[in-house]
Structures are given as C-alpha cells and as structure tokens.
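Keep the picture at hand and try each task before you read its solution.

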Amino acid sequence: FFISLAYINRSNSKENSLLHNLTAVNRKENIMLSAQEWAVMTSDIFRIHSLFPREPEKAFRRFDGVTPYGVHPVLLAMFLLNEESLPEEFRVRGAKALLAHDLIEDTTAELPSWVKDSPDASPLVHGLTFSKRENKFVEIFNRGEEVILLGFFDNTFNLTATGRMKTERLAEYREGVRGHLAYIEPRYPRLEIVKMAKAFLQ
C-alpha cells in the first residue's frame, strides 16, 4: 500500500508539473486578469465612490441610502465576465469599463490608472458617461457598438433597484430598456442579460 501510494504521489507530482507548465504557457497567451488584479480594481471602485462622491448621497445606492454605491458597478462587471458567449478580450476590457463607468459622473476623483491608462477601456468609460442634459437611451446609439452593449448591462441592472423611482420615471425607464433590448436581442440572442431584461419587462 505504501509503495503504491508513493508511486501515485510521484506520478501525480510529475503530472502536476506538466500541468503547471501548460498553465504557465496558457497564462502568457491569456487575456483574463488574475483574481488579485480584479480584487484591486473592485477595491478601488468601492473606495472612490465612498470617499469622493460629488454629493454625499451618491456614495450609496438610491433605493435604501445605505448600500455602498460600489455594489452596482462591481455587480455589472462580474456579470459581464460571466457571459460565456462573449469573447474573453471584450469581457475583460468591458468589465474594466463597467467598474469605472460612473466615476466621471458621480465622483470628484481621477480615473484610476488601470482604466485611465488603458487604450481599450478608457474610451468605453467616456462613452458610458452622459451629461444631465443628455437622454442616454437616445445618445448611447451614437457611441459605438461596444458602448451600446455595455450600456445595456447598466440599464437592465438598474431595473433591479427601483424602489424609490417615481411611477412615471419608472415607466419611462422601462420603455428605454425595452427599446435597448430591441436592438441588443437580435444581435446577441444568447446573452444572459437579454433573458434578464425580458423577465424584468414582462
């Protein structure tokens, strides 16, 4: 038994070494960031929204006034990363953009370096930023295909927290998401976010 166990351990060790080498090779070609990198970015988002809001109430989610605002962008980014039908490269840069998408509008802080210095993510953040005069459900269709898709994640998830939204405003918002869905669904029918939007709008 002990001899067999020793043999198995040696075999596993050799196999693990091979797996380690294969993983190392794959990592060089891999676009996906590490858990530690995502942890740093999500921590930045919670910190910035909490410490540098343009107005005190913007540090929290509107529906209860106590949930940290960072929950919203982190939720969007994690959901996008889990959309298996989208290319990995887009999921990574899109998740970075969704993490930072409200920083310009809602905080006084500079964009963190991981998005500010990213030629792929930074333009998306600016594309997802709207002035108070702009109707984002109209203007977003002038911002490019990737911004349109990322904005759909944001608009759909906003329907999960409408407790304090006035009835008329909620009706308008639902119509905006419905129009957005009409554009997204035929182009990305396999997305989980499409299923969510259809369920919310029933």
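**Exercise 1.** In what order do the elements of the protein chain run from the N terminus on?

*Solution.* Start with a reminder that this is a predicted model. Step one: count by type, which gives eleven helices and zero strands. Step two: write the elements down from the N terminus, and you get α-α-α-α-α-α-α-α-α-α-α.

**Exercise 2.** Find out where the model should be read with care.

*Solution.* Step two: look at residues 1–28, where pLDDT stays under 50. For this stretch the model has zero contacts beyond four places in sequence. Step three: apply the general rule that where pLDDT is low, the predicted coordinates should not be read in detail.

**Exercise 3.** Decide how helices α2 and α3 are oriented to each other.

*Solution.* Step one: locate α2 at residues 35–51 and α3 at residues 71–81. Step two: take the angle of about 155° at which they pack, with their axes 9 Å apart. Step three: angles over 145 degrees count as roughly antiparallel, and α2 and α3 are therefore roughly antiparallel to each other. Step four: list who makes the contact, namely W38, T42, I45, F46 and H49 of α2 with V71, P73, V74, M78 and L81 of α3.

**Exercise 4.** State what share of the protein chain is buried.

*Solution.* Buried residues account for 39% of the 202 residues. For the accessible surface, the total is about 12000 Å², and 55% of that belongs to carbon and sulfur atoms.

How values were computed. Residues are numbered from 1 along each chain as its sequence is written. This is a predicted model: local features need pLDDT of at least 70, side-chain atom pairs count only at pLDDT 80 or more; totals for chains, interfaces and linings use all residues. Side-chain values use heavy atoms; hydrogens and water are left out. pLDDT is the predictor's confidence in each residue, from 0 to 100. Contact means heavy atoms within 4.5 Å. Helices (H or I, at least four residues) and strands (E, at least two) are DSSP runs, numbered from the N terminus. Buried means under 20% relative accessible area, exposed over 50%, partly exposed in between (1.4 Å probe, protein chains only). Accessible areas come from the Shrake-Rupley method with a 1.4 Å probe; for residues, only the protein chains shown count as cover. Axes are lines fitted to C-alpha atoms, for helices over the stretch in contact, and angles run from 0 to 180 degrees between N-to-C directions. Angles under 35 degrees count as roughly parallel, over 145 as roughly antiparallel, 65 to 115 as roughly perpendicular and the rest as oblique.
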